[in-house]
Amino acid sequence: MEEKSAEEWAPVMRFSERSAPTRRAILEAARARFAKDGYDRATIRAIAADAGVSAAMVVRYFGSKADLFAQTTKAGFLSLDLAHVPAQEMGRRFVRAALEPWERGDDEAMAALHRSAMTHEDSAKAVQGLLTHQVLPVLKAVFPDDPDIETKAGLVHAQGLGVIVGRYLLRLEPLASMDFEALVAWLGDSVQRYLDT
């Protein structure tokens, strides 16, 4: 699978190549700050200071904190290439890619974001951005002619959120202790039904 860099997932706005090192520095500083402080406590000002730039420059290149967070998290997920996956395997492959980071427990910033999304508007916007910036682009790339792909992506995202909250945040049984391969099969087959409709 070919790995894509964070630069390839820059916002739609086009910037010159001269700005690439600055944008890269901001993304690296943001990743580190979100991991250290969590989504709610991380600030644009602190990220800018870590990157050695002004807060205005962070906003110019990445928009809001929610947009910046989406940019810091999406490169790895979007590097998943599903273009050559058989149609009947799409659901399980997608689910595995989405849940493996949660299973490893290696993204505290993402967990903190989801915990606070119910009570903080900015966190909720960042979670909504995951649909726009991650789930939808991956599915659109595989199903470019599906007129219902936005609806299907919304259903896939909502079901994934339910599993993330139930298994990884609330640790509801029997979901919390379910074998990961069994979880991928169950959830993947459900996602597959959305995609096949």
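This is a predicted model: local features need pLDDT of at least 70, side-chain atom pairs count only at pLDDT 80 or more; totals for chains, interfaces and linings use all residues.
Residues are numbered from 1 along each chain as its sequence is written, and side-chain values use heavy atoms, with hydrogens and water left out.

Start with helix H8 (residues 149–169); helices here are DSSP runs of H or I with at least four residues, numbered from the N terminus. The axes of H8 and H9 come within 9 Å and cross at roughly 160 degrees. Such axes are lines fitted to C-alpha atoms over the stretch in contact, and angles run from 0 to 180 degrees between N-to-C directions. H8 and H9 are therefore roughly antiparallel, the term for angles over 145 degrees. On the H8 side, the residues in contact (heavy atoms within 4.5 Å) include Leu155, Val163 and Arg167, and on the H9 side they include Phe180, Leu183 and Leu187. Sorted by class, this contact has ten nonpolar, two polar and two charged residues. Here Ala, Val, Leu, Ile, Met, Phe, Trp, Tyr, Cys and Pro count as nonpolar, Asp, Glu, Lys and Arg as charged, and the others, Gly among them, as polar.

Now look at Arg167 in H8. Is Arg167 buried or exposed? Its relative accessibility is 5%, so Arg167 counts as buried; buried means under 20% relative accessible area and exposed over 50%, with a 1.4 Å probe and protein chains only. Leaving aside neighbours within four places in sequence, Arg167 touches residues including Glu103, Phe180 and Leu183.

Follow the chain onward into the loop between H8 and H9, where you will find Arg171. Although Arg171 is not a glycine, its phi is positive, at about 55 degrees. With 56% relative accessibility, Arg171 counts as exposed. Pro174 lies in the loop between H8 and H9 too, and the peptide bond that joins Glu173 to Pro174 is cis, with omega near 5 degrees.

Finally, turn to H5 (residues 90–104), which packs against H9 (residues 180–196) at an angle of about 135 degrees, with the axes 7 Å apart. That makes H5 oblique to H9. Among the residues that meet are Val95, Leu99 and Glu103 in H5, and Phe180, Val184 and Leu187 in H9. By class, this contact has ten nonpolar, three polar and six charged residues.

Technical notes
Helices (H or I, at least four residues) and strands (E, at least two) are DSSP runs, numbered from the N terminus. Angles under 35 degrees count as roughly parallel, over 145 as roughly antiparallel, 65 to 115 as roughly perpendicular and the rest as oblique.
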